[in-house]
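Me: Please go through this structure with me, setting each value against the definition that applies. I shall ask what makes each description hold.

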Amino acid sequence: MTGPGLNWKFVFKVLGMTLVLESFFMLCAAGVAYAYKGWDAQYLLMTSLLSLFCGSLLALSGDLKERVRTVGKRESFLTVTLAWVLFTFFGAIPFCISGAIPSFTNAFFETMSGFTTTGASILVDIEALPKGLLLWRSMTQWLGGIGMVVFSLALLPLLGGEAGQLMDAEMSGLIHEKFRPRVAKVAKRIWGIYMSFTLLLILLLYLGPMDLYDSVCHAFTTISTGGYSTKQASIAYWNSTYIEGVIIVFMILGATNFSLFYFLFKRNFKRVLNDEELRWFLGIIATITLLITIVLWRNHPEMQILESFRTSIFQVVSLITTTGFATTDFVPWGPFFWMLLLLSMVICGCAGSTSGGIKIVRLVVLIKNSLSEFGRLIHPKAIIPVRLNGNALSLNIIQRLLAFIFLYILILVFSFSILLFNGLSFEEAIGASVSCMGNVGPGLGMLGPSGSYAELSDFLKWFLSFLMLVGRLEIFTILILFTPGFWKK
């Protein structure tokens, strides 16, 4: 039982406003369904109205004339977690009631995979879905990226809440830039950047072999590093070097810290060029791509070096950014490639981006802290700080980083054990654990790029849905709800 003191008025208002927002985007998908004369339009419209009704009830709860008191960390953690669950619940309804995905378990899994930008799918014939539902499926990833986050932050001052608290609860990363005094203003600008990238990507894809509909859907799922496609063969369907090149660039942009784009907007180019995490990110992509290209070319003499490079760079960028698009099935490549690609799926993109995983910044700080330990052993009395971008990190940040990585590995081991116990093979269990925890999508074995999660039991689908949420909210936000101290006044 919850103890007194939780500001439920704030929780309900934020949940209500975000549900109203979800209903608007679902209505847009219904409009597209009507334009294509699809049978799914009525189901999207019905669910949109239901979301609007339920959201309005929550948003109008309490006295609107009374300003909501400042939100604390408990409210922010609870609000963010419940928001993701509600998004998924209502977002799954049109798939289920339309019969496109008759099982609610499957519909919930597909939608959770969308909102967490994971991209793991239970569909075995994606192209059988009507246009409206496919667009809504892509929209879930776009909303689940940074778009929903910054839009919510921009609205929070209307509620009297402290936007910085929700930024701590939801925005991924080790540390945040000092945006809190003007967080709503910054959120609007980042939202503008996110929108601009989306529109630019739609235009660039449309200039290639994609039609407008596919360009919109793939722009939504690329900039959000989600990976849902309108084709069963994913990006391989077009077999276009141009399409792959454009998507590679925007996958990297989506996995880059969005605060850097804010600095670009402010013409602070030095801050961007000197960012250590970005340099490590690009360096890791180049190193793994080069290694896979050489080994792939050596093992497959029939492939030209440029073909090996084209294949390698797309798969590496797709997995390290946690997007999950595919131009080939990497499962037959063998264990050496699995190791490199699984490593990419664990490390993933930058903090403050739409990607999942441990994040490059944590890897950088962990390496620097380990090197500093050697110095402390040699010179026990010396003070050797760990620096990031020239700034010394506090002991609290280091401790939180170590705790995060420990919990991340512990949860991976636990998930791996659960999947093994339920009959998955070794490679399928490790692939699914790393993929769902890192919000990547494709795994290994039957869960690879050419497979799906359809054959898993209902229990495993619910378990992996929870794992996706834990990974998306970076462990602490959701697991803290299960501690007794959270519910005490």
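Me: What is the phi of E474, the residue that follows α18?
Reply: In this predicted model, E474 comes after α18 and has a positive phi, near 60°. Helices are DSSP runs of H or I with at least four residues, strands are runs of E with at least two, and both are numbered from the N terminus. Numbering of residues starts from 1 along each chain as its sequence is written, local features need pLDDT of at least 70 and side-chain atom pairs 80 or more, while totals for chains, interfaces and linings use all residues. Side-chain values rest on heavy atoms, with hydrogens and water left out.

Me: How do you know that the span of α18 agrees with its number of residues?
Reply: The expected span is 1.5 Å times one less than the number of residues. For the 15 residues of α18 (residues 458–472) this gives 21 Å, and the end C-alpha atoms are 21 Å apart, so the two agree.

Me: Why is α18 called largely enclosed by the rest of the structure?
Reply: Buried means under 20% relative accessible area, exposed over 50%, and partly exposed in between (1.4 Å probe, protein chains only). In α18, 11 of the 15 residues are buried, and therefore the helix is largely enclosed. Among them are L460, F463, L464 and L467, together with K461 and R472.

Me: How do you know that the span of α3 agrees, and what makes this helix mostly covered?
Reply: The 25 residues of α3 (residues 73–97) should span 36 Å, and the end C-alpha atoms lie 37 Å apart, which agrees. Of these 25 residues, 18 are buried, and α3 is thus mostly covered. G99 follows α3 with a positive phi, near 85°.

Me: Why are S234 and T322 called buried?
Reply: S234 has 9% relative accessibility and so counts as buried. T322 is buried because its relative accessible area is 0%. S234 is in the loop between α8 (212–223) and α9 (241–254), and T322 in the loop between α13 (305–320) and α14 (335–347). Neither is a glycine, yet phi is positive: near 60° in S234 and about 65° in T322.

Me: What makes D214 buried, and which residues is it in contact with beyond four places in sequence?
Reply: D214, in helix α8, has a relative accessible area of 5% and is therefore buried. Contact means heavy atoms within 4.5 Å; leaving aside neighbours within four places in sequence, D214 is in contact with T230, K231 and W238.

Me: Which residues lie nearest the centre of the second largest pocket, and how does its lining divide?
Reply: Of the 31 lining residues, Q232, S234, G324, P449 and G451 lie nearest the centre. The lining divides into 12 nonpolar, 16 polar and three charged residues. Ala, Val, Leu, Ile, Met, Phe, Trp, Tyr, Cys and Pro count as nonpolar, Asp, Glu, Lys and Arg as charged, and the others, Gly among them, as polar.

Me: Over which residues does pLDDT stay under 50?
Reply: The value stays under 50 over residues 63–68; pLDDT is the predictor's confidence in each residue, from 0 to 100. Where pLDDT is low, the predicted coordinates should not be read in detail. The mean pLDDT of the protein chain is 86, with 89% of its residues at 70 or more.

Terms used
1 Å grid on protein atoms, 1.4 Å probe; cavity = no way out; pocket = protein on both sides within 12 Å on 5 of 7 lines; lining within 4 Å.
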